[in-house]
Structure formats: C-alpha cells, structure tokens
Amino acid sequence: MWPPADSDHLLVDAASMAALEQRLFDSGMPVAALMEKVGLAMAAWLLARRDLLRCGVVVLVGPGHNGGDGLVVARELHLAGVEVSLWCPLPIRKPLTAEHLRHGEWLGLQRLTDEPDPDGAALWLDAVFGLGQSRPLPEFLADLFRRRQQLQPGALISLDLPSGLCSDQGTMLGDQAACASVTLSVGWLKRGLCLDPARPWVGALVRIDLGLPPAVMGNAALVLPRRLPVREACSAPLPPLPPTAMKYERGRCLVVAGSDRYPGAAHLALRGAMASGCGCVQAVVPLRLQSSLWQVLPEVMQLEDGVIPERLDAVLVGPGLGESSHWWNQWSEQMLSVAGLLVLDADGINGLAASPQGWPWLLKRRGPTWLTPHAAEFARLFPDCGAGNALERAISAARCSGCCILLKGAHSVLADPSGAAVVLTGTTPRVARTGLGDLLAGFATGWGAQTVASQQQPGLESFTAAAALHGLAAARARSSDASAIADCLKINTARCQKKQTTMFNEV
C-alpha cells in the first residue's frame, strides 16, 4: 500500500480520534497520563526551537482538556526558564485542567486578569479549543484573534488545531479563527487541517508523535484516508517493466486534445505524456499544430483519421477541445470501447456533463477511467455530490461512477470506488496557473499507460504517484511556467526510473 497506512500518513476525523483515545483508556491508560504525554511532547518540540520563545510565551488556556494540554506545556516551558503567562478566557470546566492550573499557579506562573496585549512580542500558544469544536468563537475571542493577526502576524502557534476551526471540514465555525504560523497536531493529523479551507489558518502542519504502539490504530488504518506530502513522490512505486521491454511494452498512449482556439493545451498535454517515460505517444491534434508538432516533439506519432487504435494502453481526451457539440458524438462511442485506461480532463469532462447521459455513461465503460476535474468541472458532472468537503465529495463521486477521481485544488484529493482516498499536501500556490492541468493530464495518462502495459491495475496508487510527481515538479521547478515544470517533471521521472534501474542491476 502506498502511501503507507501509518501514523505519518493517516488522517483522522473527530469520531475516529475519539475512538482511538477510548481504546487507550480501555487499555488502562489514565486520562491524566495521556494529557501529560501530549503536553510533554509539544513542550519538547517548542524547547527545541528556543528562538520562538525568546520574548516569552502567553498560553491561552481553554476550559477543556485542550486547555489542560496547554497547561502542561506552560509548566514545562516555565521549568526550562522561559517566561510564561497564562490567560483563561472562559471558566475551566474539566477537573483535570483545573488541577493543572492550580499547580501552575503554585509554581509561580503568572495568571493574567485581563486579555493579553494583541500587539505584545510574546509568542501566543492557542490552547483554547481542541478536537470536536462545533460552535463559533465567542465574539470577544474572535475579535482578539483578529487583532492579533493584524498586529503580530505569525506570532501564534495552535495546539492540536486552531480555535474556531472545524477539525473535520477545515472550515471556520464562525467568521474568525485563530491564525497560526504552526499547528501542532497531536498523535495523528486531523483531516480537516489538510483541506483547502483550513490552509489560511493552519500554517505549517506538524504531527506530534506520542510514541504509541501501532495496535492503538487497530483496523481503523484500513478505512481512514491518507495524506501524501509531494516531497515523498520519489518513493512512489514505478510501473514494473521487464528488462527486455521494447517501446510498445513501455506503454502506448493516445492524446486527443486541443482545438484551433486552444492549440497550446494539446502541446502541454503531449509534453506531460512524454515526460512520463511512456514508450509510444500518439496524438490527434488541431490543424494549427499538426504541421509544426514534429519540430518540437518529433517522437509523437500523429493520427489523421480521428479513429482510436485498438492496441492502446491509455487514452486522454479533453484538454482544450472546446465546445463539446462538434466532437462528443465522434468520440463518445469510441471511448466506451477503449479496453485500457481512459483519462477525461477539462473539456472531456465538460462534454460528458453536457451529454444526455451525464456521469452514468461512465458505468458503460469497458476499462478503468480516471477523471481530473477542478471544482467547477466536478460540480457540472456530479451535481448531486456537492455536499461535504472535497474529500467527501470525491469519495462520493468515485463510488457512484466507478472511477478514480482527482479533484484538483491547493490540496488535491484523489479517491477510488472503494472509498479509499489520498490528500496531496506540501504543494505551493505559486504554481497555480493556466496550463498545469493539461500537463498533469498528459503525464497521468502516460504513467497509467505504463501501469497497464506492466499488467498492473491502474488504480488509486498509480494515479496518486502521477499526481504527486507532478506536484513535486511544480514545487522544485525554476519558475512556475508550464514549460519549466514540464522539464522538471521529465528530470524527476528519469531520476526515479534510474534509481529503480540501479537497484535492479545491483540485485
């Protein structure tokens, strides 16, 4: 399984996290022991970064166990010589938190009677509300967090998750949340923190490991979604190729893309397919591109009759095709009969959405299908799958359509018909620009073609590998234009393939 179903990659919601905690308590671990473990681990992370603490720390203590975690952190920082103040904006409700507060005051920790200065230089630790928040912040707290971000941007770290943010959806519960430069997610990463709505509030997301045994997770690891930082893309399993593979055994793909209005989309999709290492790339492209394509991509074989050959491992239809009325009737029946992988992108998705059949057409397909919509295209094709966050929408659409789906965003989400899902993280917003989707569609098609050629199922794992390698190239490229990213994508893929070849030769 890739990415692995371990603590660094699994994403939990509030219900599954509560079940995991209950599993610990049922095993005999006291609640107080878990709170101590959590607080000590977060304090150790902070003390390893003394520069953050040089102006002192203000801990905002909430009424529940998240406040208790914050008090353990405050105690440890104080004992390590850091100047620490406490502020309790709400009455303490949990007895264990009250005990930690009493002990902190006995140690000499200063407890503020008035709200802390939002323009103060001390680092704020947000321990007000933790997992399972369901109500908006009180207005006075929302206003305080708003002023803090305006006057001292980045000078706040949230413990477990930012107060005012839903841990499952990643959305604000009201009109304001704590804006953190770092969020220390305890034990396992909360799924909402990896979704796009949370991105402005979470800052750098750090998992705080508690050293718990794998048995704590139990069977939950089989059903929880996973996250994949794109920096781990080079660990992706490559399609296994026989040592004697000739070009047609390295995958054969066809790209149907572009129009007289959008010839660039075809060019970029083909560059993506070539960067994948696919052995044979064929194309149906607009007239404007046909006469010059051989000069820039001489390896691409052009088809002129508009008929999909039978012996193909993968077919991409969609980038830059334009209005669907003039091409859907020509290609729809042929696409149904493709035995290999079909990838629908951009106008391929829009054409299907505008057709009388809509998404149920996908259920007639002979072979597997990958879809790569952005949010608007997804809404057109799956109007009944609009509830919930991006993760929930992608899973719902994959289940009903029988396809693997990549719902594009700052944190793209991939899902397959079984309900398995992956969220890509570690991406950069600086590469959000026209053309990157065409490049991704072509690369994924070429990668999928190699997967099919190697007698493997082109499922979620291979789709995720292609998307992650694309994200890694976007993050590493010298600039954010699609051509530079295509070059970087080609280099990264070649490095991965060279690594696999070296390992094979060593064996």
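At what angle do helix H13 and helix H14 pack, and how far apart are their axes? To find out, select residues 436–453 for H13 and residues 460–476 for H14. This is a predicted model. The two helices pack at an angle of about 140°, and their axes are 9 Å apart. H13 is therefore oblique to H14, since an angle counts as roughly antiparallel when it is over 145 degrees. The crossing of H13 past H14 is right-handed.

Next, show the side chains in this contact. On H13, select Leu436, Leu439, Leu440, Phe443, Ala444, Trp447 and Thr451. Coloured by class, the contact of H13 with H14 shows twelve nonpolar residues, three polar ones and no charged ones.

Select residues 31–47 for helix H2 and residues 95–107 for helix H4. H2 and H4 pack at about 55°, with 11 Å between their axes.

Which residues of H2 and H4 meet? From H2, pick Val31, Ala32, Met35 and Glu36. They meet Leu96, Thr97 and His100 of H4. By class, the contact of H2 with H4 consists of four nonpolar, two polar and one charged residues.

How values were computed:
Residues are numbered from 1 along each chain as its sequence is written. This is a predicted model: local features need pLDDT of at least 70, side-chain atom pairs count only at pLDDT 80 or more; totals for chains, interfaces and linings use all residues. Side-chain values use heavy atoms; hydrogens and water are left out. Axes are lines fitted to C-alpha atoms, for helices over the stretch in contact, and angles run from 0 to 180 degrees between N-to-C directions. Helices (H or I, at least four residues) and strands (E, at least two) are DSSP runs, numbered from the N terminus. Contact means heavy atoms within 4.5 Å. Ala, Val, Leu, Ile, Met, Phe, Trp, Tyr, Cys and Pro count as nonpolar, Asp, Glu, Lys and Arg as charged, and the others, Gly among them, as polar. Angles under 35 degrees count as roughly parallel, over 145 as roughly antiparallel, 65 to 115 as roughly perpendicular and the rest as oblique. A crossing is left-handed if the near helix is turned anticlockwise from the far one by less than a right angle, and right-handed if clockwise.
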